[in-house]
Protein chains: 2
Amino acid sequence: MDIQLKRGLLEICVLAAIKYEESYGYKIIKDIKPYVSMSESTLYPILKRLEEAGSLNVRSAEYNGRLRKYYCITAAGRERLEQFAQEWNEILSIYNYVTREGD
Amino acid sequence: MDIQLKRGLLEICVLAAIKYEESYGYKIIKDIKPYVSMSESTLYPILKRLEEAGSLNVRSAEYNGRLRKYYCITAAGRERLEQFAQEWNEILSIYNYVTREGD
DNA sequence: CAGAATACATCGCAAGGCGTAGTATTGTGT
DNA sequence: ACACAATACTACGCCTTGCGATGTATTCTG
């Protein structure tokens, strides 16, 4: 997909990935890959931004001797997802404009 | 609408604006405003990029003593619009993922 | 006659995606 | 046993791009 089109959808996808259960970096990338692929150097800054925005919480836990950071969505994060659902209408109207027939 | 979400849609909207008849900068902004608003300093670089990409042709003509640049879509530009229609399916699948219920 | 509208152009900031690279551990194939 | 892929996180720096601010010039309107 066009790089530009992905922007704006990336953050929302990350939030959607932890919508129902907490997850960690590597898993998030794999989970959303069927929809949008992103590199680690894209994801981690996004996670940091989402944390600073209060959209998610972080928790460090040991897994197999390795440290893992688990990310959990907050109420603000859920609001953000709902807001996206609102904005979807605007995107739809753009789609209709772009694909309109005749004139 | 979220700035990030607009990206990628802007260029496509500009192409859509000249889909059926040539137009010029100021008019394009007014035409697409109901769908996405963009400033002139955003539009003109986009027009230049689209021209360099061969998606549109430019023609200068005098209108009321003032010079106007008319932009006309090319075959490559139309292909680009069709490509967007293809990518729309990917966007839809992302939307479905983000708004999925249960798990 | 002032101010809004029309019309185009340029500069520079800041945000953000991503390539590249680094570190460290665990699992797998031969 | 050893190489290599996979797992897991972090940091640096390039480059694209939207946009605010600003400039110039003409025409229309109250």
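1. Let's start with two strands of chain B. Strand S2 (56–63) and strand S3 (residues 66–73) of chain B run antiparallel to one another and are joined over 8 bridges. Two strands count as paired if DSSP finds at least two bridges between them. Strands (E, at least two residues) and helices (H or I, at least four) are DSSP runs, numbered from the N terminus. As one example, B:Ala61 has B:Arg68 in S3(B) as its bridge partner.

2. A word on the model before going on. It is predicted, so local features need pLDDT of at least 70 and side-chain atom pairs count only at pLDDT 80 or more, while totals for chains, interfaces and linings use all residues. Residues are numbered from 1 along each chain as its sequence is written, and chains are lettered from A and ligands numbered from 1 in the order in which they are written.

3. Now the whole sheet. In chain B, 3 strands make an open, antiparallel sheet in the order S1-S3-S2. Strand S1 (23–24) and S2 of chain B are the edge strands; each has a single partner strand, so one side of each has no neighbour in the sheet.

4. How does chain B relate to chain A?

5. Next, where the chains meet. In chain B, 27 residues are in contact with 27 residues of chain A (contact means C-beta atoms, placed from the backbone, within 7 Å). H5(B) gives the largest share of chain B's side, 12 residues. By class, that side has 18 nonpolar, 4 polar and 5 charged residues. Here Ala, Val, Leu, Ile, Met, Phe, Trp, Tyr, Cys and Pro count as nonpolar, Asp, Glu, Lys and Arg as charged, and the others, Gly among them, as polar.

6. Finally, the DNA. There are 27 residues around DNA strand D, and A:Gly25, A:Ser41, A:Lys69, B:Ser41 and B:Gly65 come nearest (a residue is near a strand if its C-beta atom, placed from the backbone, lies within 6 Å of it). H4(B) gives the most to this surface, with 6 residues. By class, the surface near DNA strand D has 9 nonpolar, 8 polar and 10 charged residues.

Note on methods: Contact = placed C-beta atoms within 7 Å.
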